[in-house]
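Subject: Handover of a structure and the findings from it

Dear colleague,

Please find the structure below, together with its sequence.

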Amino acid sequence: MFLLLGSNSVIGQVVTPDSIKNNAQDTSLIVQDTSKNHLRTSSGKDTVVMKDDSGLETVVTIVANDSSWNEVSKNIVHLYKGAKVKYQDFELSADYIRLDRNNNLLYASGVMDHNDKYVGRPVALFPNDTPKAVDSLTYNYKTQEGKTFGIMTEVDGGFIQARAVRKNMYDEMSIYHGLYSTCDLPEPHTHFGIHITKGIVLDKQIIAGPSYLVVQGIPIKFVAIPFGFFPKQDKKSSGFLFPSFGEDAARGFALRDLGWYLTFNDYWDTEFRGSFYSRGSWEASMRTNYMVNYKYSGGFNLRYAWTKTGVEGSDNYGTNKDFNVTWNHTQRQEANPGTSFSASVNFGTGSYFQNTGANSTYDYDQLTRNNMSSSISYGRVFADGKVNFTSSLSHRQDMTSGKVDLELPTFSLNVATFNPFDSKDRVGEQKWYQRITVGYSLQGRNTISTGDSTLFKKESLKRFTNGFQHSIPVSLSLNAFKYFQFNTSMNYTERWYLQSIRNRSENTINGFETVRDTLQGFRRAYDYSFSSGLSTKIYGMYPKIGKVEAIRHVVTPSVNFNYRPDFSDPMYGFYKSYVDESGRLRDYSIFEGAIYGSPSSGQSAGIGFSVDNNIEAKVRTENDTTGKGFKKVPIIQGLTFSGNYNFAADSLKLSTISFSGRTSLFNQKINLNFNGSFDPYQLDDRGQRYNRFAIEDGKLARLTNFGLSFDYSFNPDASKSRSDNIDSLRNNMPAMTQEQSDALARISTDPNAFVDFNIPWNLAGSFSFQYSRRFDGVERKEVGDYTATVNLHGDFNVTPKWKIQFNSGYDFKQKEVSLTRFSIYRDLHCWDMSFGWVPFGRYQSYNVTIRAKASILQDLKLTKRNSHYNY
């Protein structure tokens, strides 16, 4: 069937067919190196056109880079060094190939080089299969049956290495002395592996003969099985979920995550798991994932825990019943253009994570979390994008106090601003009145705040508060006097409520007490305000100083006049009066505590002002020789002072002066932020502000609070590498499970949750300082208070396979070290090992984990924990 190659013959060092048969399992003696053969033929490529069994023409390609030898009498061709044969869908490359046209048989192997190493192993590509590297093989190109020796192939994240594999034309394989492990090396790190004496791999199933476990290269035959039958499907299938084992200080020995996996179709699957403890506690969970390609994906998880606490017979003995529910849903934008729907739900009892040890993970972030929140949102765009409607259901839960805030629902309808006096057919620039813009927004809320223990009781439904708010802003912006920007605006707000309140004093046996009544019925409240102002920019340049070529200072002052009427005037009907328990007449708003508040009392007619500063330097670069190399260095950015002066107030007309700014240090490697406020008035002996400026006593103003924070990374490549890897994970795994999403979220927020051996070291830190002044009623004076914390985290490679991570900090006020964690990681190639340690503090603990990297063997893990978790 194959082309007869040349008439030249060379003397080659080839083993006879008889010796090949006798040494089929030892291929290192098959062929010797012919690279020094001075009688070799010329190398090259040849092709022939031939007919297959169906009568169609087929091209056969034969390549021998080193030499070829044709035994004419035996009808056999030998190819050396970079030899390749391609016939139909079958391809073969090796350093030695023998073609026996009498038997339609191909034989391929490697050769021994001058260093006595076996090189040039065959690589075969069988029809409908992936390339396979083997020690040697025989293949009948007529019957499409082959036999390989020393093969290694990947199967679902694991690797099979077999002494011999035979494959027929029906894609059925027979395995002889195979090893299934997680390592892809020729001599694998078989920390754990399964040795299969004999096996048959069919299209839908695998039938294995005697098999046993291999640990660290040591066969453990006393746990062998005589035979095994495994389904091999190309789709999801239901099955048993293997548990893990452990021990908990409070709950005893544990059988964790025993369960069953159910698959209903290609779009929906569910798993049920349960954990049982020797001291009577148990947990159950149901997790469901769903996905429809190009439309939506998501999943929900329902968990319940029955936890025994204390010692039986003691006062603190009891049972805690906790639950937790999570749901996430994402909709692809292209599935329904103009419409969006998403969900991120997490609610349950506040003690769930503490009583279950964060699902036995003892995750510090989960154990110390003090709130949970949820949001389900829907959006729709109308009128070519000019009208936007959004609605949401949300929940926020304080796990410390048990307070629950529900929004059922919240919605908003926003109309994009438009120019009512402009014309679509306008020619030329806009007139001043054509620049007037008008907008509209409608918001609605229905909320309740209650405790998690009373949330589902009937009386809680009566405590919902609700309302609607309409807002119509009107604005105009013009250039004035060439250098000024003139802005004027008016805002009208109207609120609709279904409840209002009335206060009264009631005579009780303990004296007069204030009673608040809630009246049902529709009431409207409205207010409006007016503002007009000017702003400009002032540029200043400072002369050259040393290497500083120039310093530019940009000042942006703005001033505005604002006016708001006194909506507590009886003409509006928003405020009423009552005599309190002390006999004094008090004013109150009938909309106190309402969702969107009440119109403000007191007239406001004042001037608001702000000054923004930006200072940057133009510095000559040190390595510049042309005299034209400069770089901009920011000195101060966004240094802003702002306040307001109310002419209509009878006292305390000047508001507090707030300031904020930021700057960069050390070649913009440290971003420093600061903020604070000044109070221009003095305090009396009761700590109340009174109408006397601090400057009258020789002080410009009182500093009431100040904050300063910055962070710095000594190795910016570390954070960049982490971000790049996270992006890569997201792109390569579009349909992540909830567990994978949670792990990725931890990596995104926690620098120590990501181990990158390519970064030899990393050290980063942050500092936060907050200062405030408060009035001490005992000492009758103002006293200062502060908080100051510093945090450090980093890692370094001890060796290319060992990495140490740490995270610690110090609280300067409490004079104690904050949570300190150390982690040691060891890369075991196809396995990895980690050791975590919290040496002191409330959450003192340690854990050791060894696990396989292959995803199919993630349940094969050994974990030992000594935890802080106790009752």
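Does Y578 count as buried or exposed? With a relative accessibility of 13%, Y578 falls under the 20% limit and therefore counts as buried. Please note that the model is a predicted one, and that the values below are computed from it.

Aromatic pairs

Y578 has an aromatic partner in Y588. Their ring centres lie 5.6 Å apart and the planes meet at 75 degrees; because that angle is over 60 degrees, the pair is classed as edge-to-face. Y578 belongs to strand β37 (residues 575–579) and Y588 to strand β38, so the contact ties together parts of the chain that are 10 residues apart in sequence. Y588 also counts as buried, because its relative accessibility is 4%.

In total, 30 aromatic pairs were counted. One of them is formed by Y497 and F591, with 5.3 Å from centre to centre and 40 degrees between the planes, which is a tilted arrangement. This pair links distant parts of the chain, 94 residues apart: Y497 sits in strand β33 (residues 484–508), while F591 is found in the loop between β38 (585–589) and β39 (604–620). Both Y497 and F591 are buried. The two residues also belong to one aromatic cluster, whose other members are Y492, Y526, Y528, F567, Y572 and F574.

A nonpolar surface patch

On the surface there is a nonpolar patch made up of F714, W761, L763, L792, F796, V798, W802, F822, I824, F835 and W837. Together these residues have about 970 Å² of accessible area. Four strands each supply at least two residues of the patch, namely β46 (761–776), β47 (781–799), β50 (821–828) and β51 (831–838). Which strand provides the largest share of the patch? That strand is β47, which contributes three residues. L763, a member of the patch, is located in strand β46.

Strand pairing

Strand β22 (residues 252–265) is paired with strand β20 (residues 239–241) in the antiparallel sense, over three bridges. Within this pairing, Y261 of β22 stands opposite G239. β22 also pairs with strand β23 (residues 268–277), again in the antiparallel sense, and here there are nine bridges. One example is G259, whose bridge partner in β23 is R273.

H78 is located in strand β4 (residues 76–87). At a relative accessibility of 3%, H78 counts as buried because the value is under 20%. Its side chain makes a polar contact of 2.8 Å with the side chain of Y96.

F300 is located in strand β25 (residues 296–309). With a relative accessible area of 33%, which lies between 20% and 50%, F300 is classed as partly exposed. How far apart are the C-alpha atoms of F300 and W327? They are separated by 4.1 Å, although the two residues are 27 residues apart along the chain.

With kind regards

Key: Residues numbered from 1 in each chain as written. Predicted model: local features only at pLDDT ≥ 70, side-chain atom pairs only at ≥ 80, totals over all residues. Heavy atoms only, no water. Patch = residues over 30% accessible without salt bridge, like charges linked within 9 Å, V, L, I, M, F, W, Y side chains within 5 Å. Areas by Shrake-Rupley, 256 points an atom, 1.4 Å probe, with all protein chains shown as cover. Salt bridge = Lys/Arg side-chain N within 4 Å of Asp/Glu carboxyl O. Phe/Tyr/Trp six-rings, centres within 6.5 Å; stacked < 30°, edge-to-face > 60°. Buried < 20%, exposed > 50% of the residue type's maximum accessible area, 1.4 Å probe, protein only. Polar contact = N/O pair within 3.5 Å; in protein donor to acceptor, adjacent residues only side chain to side chain. Pairing = 2+ DSSP bridges.
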